[in-house]
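Please walk me through this structure in plain steps. Start with the strands, then turn to the side chains.

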Amino acid sequence: MRLLVLGCAGSFPGPRSAASSYLVQAEDGDGRTWSALLDLGNGALGALQHWGDPAVLDVVALSHLHADHVADMAVLGVYRRYRPDGPLPRLAVHGPEGTLERIANMSGDDLAAHTGEQFDVRTWRVGERVHVGPLTLEPVPVEHPVPAFGIRVSGPSETDPALRVTLAYTGDTDACAGLDDLATGADVLLAEAAFVEGRDDHVRGIHLTGRRAGEAAARGGSRALVLTHVPAWNDPAIALAEARAVYDGPVTLAAPGATYSF
C-alpha cells in the first residue's frame with residue numbers, strides 16, 4: 001500500500017501546496033492498481049492530474065465538508081462530465097451527511113442538478129466498512145465543529161502482499177476517543193497539526209497540535225507519524241519538535257509529492 005501526498009496545507013492552500021488531499025493505492029492479486037482518494041481540498045485536482053489520471057479513481061473518501069477538504073470536488077465533477085471522450089460513469093463518494101448537497105452547492109446553479117450524475121454519494125455509517133478492491137476503509141468519528149471522521153485504510157503490504165497494513169488519517173480533529181481508536185496499531189498515522197502549543201491553547205475542539213498528535217501516536221502504538229495540515233503561518237519545525245518530544249517513533253512532515261510505502 002502506498003500513500004501519495006497531493007496537498008497538505010492547513011485550512012487554505014499554501015504558497016507551495018494545495019489543501020488537504022491524499023491518494024492511497026494498492027495492487028490486487030491480478031496486478032490491477034486500486035486508487036482511493038482521501039479528501040480533495042482547494043487546488044488538489046491539479047496535483048492529482050500531475051501524478052495520475054483522475055478518471056481511474058475507484059473511490060473518494062471525505063473526512064468532513066469544510067472547503068479545504070472538499071472544494072475541488074466541484075471541479076472534479078466538471079472534469080468527469082465534460083471530457084472530450086464523454087462523461088465517466090458515476091464515482092463512489094463516501095462522506096458525512098449532506099455531502100451531495102455540499103458538492104452541488106459549490107458547483108453552481110447550472111451544474112448542481114448534474115452532481116448526482118457524476119457521483120454516487122453514500123453517507124458514512126459508524127461500524128460499516130467500505131471494501132474497494134484490496135483496500136478497506138473504515139470511518140471513525142472525531143471531534144471538530146462539524147460532523148467529521150478519521151479514516152482507517154487497510155490493504156496489502158508493499159513488501160509482503162500477504163500481510164495487511166493500516167494507514168490512519170485523522171482528518172481534522174482535537175484529541176478525542178476517536179483519535180485514539182485511529183492511532184491504535186496503525187502502521188502510519190497521518191495526523192493534522194494545525195495548532196501550536198501555548199499559542200492556541202484557548203481554542204479546543206477543532207485541531208491538534210504536534211504534541212497532541214505525538215501523544216496519540218504514542219498511546220496507540222502507531223509505528224510512524226506523518227504530520228500534515230500545517231497552515232502557512234506556522235513554522236512546521238515547531239509541530240515536528242512538539243511531536244518528537246512525546247513520541248519515540250519516526251516522525252516526518254508531509255510534503256507535496258511525498259510518497260510513503262508500507
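Ala36 stands opposite Val59 in strand β5. Three bridges join β4 to β5 (residues 59–61), and the two run parallel. Between them the chain passes through helix α1 (residues 44–51), and this β-α-β crossover is right-handed. That word applies if, with the strands pointing away from the viewer, the path from the first strand over the helix to the second runs clockwise.

The model is predicted, so local features need pLDDT of at least 70 and side-chain atom pairs count only at pLDDT 80 or more, while totals for chains, interfaces and linings use all residues. Residues are numbered from 1 along each chain as its sequence is written, and side-chain values use heavy atoms, with hydrogens and water left out.

Ala36 has another partner: Val24 is bridged to Ala36 in β4. Two strands count as paired if DSSP finds at least two bridges between them. The hairpin of β3 and β4 has five residues between the strands, and Gly31 there takes a positive phi near 85 degrees. How much of β4 (residues 33–40) is covered? Seven of its eight residues are buried. Buried means under 20% relative accessible area, exposed over 50%, and partly exposed in between (1.4 Å probe, protein chains only).

Positive phi also turns up in residues other than glycine. Ser11 has a phi near 75 degrees. Ser11 sits in the loop between β1 (2–9) and β2 (18–19), and is partly exposed at 35% relative accessible area. His229 has a positive phi of about 60 degrees. His229 lies in the loop between β13 (225–228) and α9 (236–244). At 1% relative accessibility, His229 is buried.

Next come the rings. The whole structure holds three aromatic pairs. One of them joins Trp124 and Phe149: their ring centres are 6.5 Å apart and their planes lie at 45 degrees, so the pair is tilted. Rings of Phe, Tyr and Trp (its six-membered ring) pair if their centres lie within 6.5 Å; planes under 30 degrees apart are stacked, over 60 edge-to-face, and the rest tilted. Trp124 is in the loop between β7 (119–123) and β8 (130–132), while Phe149 is in strand β10 (residues 149–156), 25 residues apart. Trp124 is buried at 4% relative accessibility. Phe149 is buried too, at 11%.

Charged side chains form 16 salt bridges. The rule is a side-chain nitrogen of Lys or Arg within 4 Å of a carboxyl oxygen of Asp or Glu. Arg83 and Asp53 meet in one of these, at 3.9 Å from N to O. Arg83 is in the loop between α3 and β6 (91–95), and Asp53 in the loop between α1 and β5, 30 residues apart. Which of the two is buried, and which partly exposed? Arg83 is buried at 18% relative accessibility, whereas Asp53 is partly exposed at 35%.

Asp120 bonds to two arginines. Its closest N and O atoms are 3.8 Å apart with Arg90 and 2.6 Å apart with Arg122. Finally, Asp174, Glu197, Arg204 and Arg212 are linked in a network of salt bridges.

How values were computed
Helix = DSSP H or I, 4+ residues; strand = E, 2+ residues; numbered from the N terminus.
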